[in-house]
Amino acid sequence: MKKWILFLALITMQGVFANELQNVGIAKYAVLEVLDDNTPLRLKDSENATRLTHLFKNAVLFADKQNDDYYRVELKENDYAWINKKFVEVQAIIPEKRFDNINKISFKREKNNFKALIQTPSQSAFVIKEEGNNLNFTLFDNRYDPIETKVINKNYRFILNEKIENELNLKYLNNSPLFGYDVEKVEEGYLLSIKKPPCINKKRPLNDIIITIDAGHGGCEKGAVAFGLEEKIINLQIAKALKKELRKKGARVYLTRTRDKQISLNDRIIFAKEKQSDILLSIHQNSLLNPSEVDKKHGVGTYYYHPQARPLAQKIQDNLLVATNFKDDKVNFASFVLTRPTSQISVLVECGYIIHQEEAQKISNKKFQKVIAKAITKGCEEYLKESFN
Ligand SMILES: [Zn+2]
């Protein structure tokens, strides 16, 4: 009975909202509540549009417009984003936006992290953006007045609210490249963690660096298949060879799978985070939707999503090109589940094309797999040595 009333109320609410938004000039907002964690908020009303941020379950947004599939969300005046209707529920229609107050912001220095705890009852959306070595955290629809600078030490500083109204702007200024960061929704509000740059021993740069290797696919997900070879098997063989090489250099290495087993993409990234990884390397072999084009497109390619991961991707690619003598399939920006995590430096490597006869033969050969493993290891070493000193 109760369920039906709620259902009818929601239907009515969506209907009222549709009508009211057509009254141009009258400010009205639909209060949206996000149904699940990791929900993408996009720059345009399309599944292919760039993700501005990911929202957590119960996040609250204010929509001022809609079309068939999307709500337009007002982040601040003249600043909008879009969310697919299937990810939210309309909670109310209100004439004016609500703002929350931030009670307190506290800073903490831990062994491996700098932390900022933003205490607020708010459920608002946030965006975190890399700007060179710096990070810019914005929490919308929140009020916090003090303008202040918090100096952690001479190399690291937080700056609060330079000129912002109705949002929190927290800048993190850093003298060395970023090495992972994260925002979590906690009971008190939002917790921003920023990984301290590692102390690198120039002679042994991988010493004590924590690396998770992810062998792509597994179990009934075979990945690409060609010439009687299965991608999932080659991925695991290379992952194991890579573990050996990295451990020789002092790294602490974990594998998301050590046998032929199916694991969800999400479980793989949770695993990497739980291990407090510094680096996440996902190992794959490539293929094409149209295999007849493999004469033109093949070779080794490395993928990243966040700018902080680009230097590592470049070093791995450079070393793989020299070691394999494969065609250069480039360092590419790509939005994959395994390249999107920010908690560590996340990179995905396509060692070769399994549908390319010559490459398939090589990537399935144990001796050649060791060559690949050594090249990736060298790429990691060069990245650490050159980025952090
Ligand atoms: Zn794959």
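Predicted model: local features only at pLDDT ≥ 70, side-chain atom pairs only at ≥ 80, totals over all residues.

Strands S3 (51–55), S4 (60–66) and S5 (70–76) each supply at least two residues of the domain 1 side that touches domain 2.

How many salt bridges are counted between domain 1 and domain 2? The count is 1. Lysine 76 and glutamate 167 form a salt bridge, with their closest N and O atoms 3.3 Å apart.

Now the area. Between domain 1 and domain 2, about 910 Å² is buried. Carbon and sulfur atoms give 64% of that.

Where are the bounds? Domain 1 covers 2–94, domain 2 covers 100–195, and domain 3 covers 210–387. Domain 1 puts 11 residues into the contact, and domain 2 puts in 10 residues.

On to the sheet. It is open, with 6 strands in the order S22-S19-S23-S26-S24-S25 and mixed pairing. Strands S22 (252–255) and S25 (328–333) are at the edges with a single partner strand each, so one side of each has no neighbour in the sheet. From one strand to the next, the twist averages 20 degrees.

S25 pairs with S24 (residues 300–304) in the parallel sense, over 4 bridges. There, valine 300 has aspartate 328 in S25 as its bridge partner.

Last, the helices. H2 (residues 231–248) packs on the sheet and touches S19, S22, S23 and S26. Its direction makes about 145 degrees with that of S23. H6 (residues 366–387) lies across S23 and S26, and runs at about 145 degrees to S23.

Note on methods: Residues numbered from 1 in each chain as written. Heavy atoms only, no water. Pairing = 2+ DSSP bridges. Axes fitted to C-alpha atoms, helices over the stretch in contact; angles between N-to-C directions. Contact = heavy atoms within 4.5 Å. Domains from an automatic or database assignment. Buried area = accessible area lost by both parts, 1.4 Å probe. Salt bridge = Lys/Arg side-chain N within 4 Å of Asp/Glu carboxyl O.
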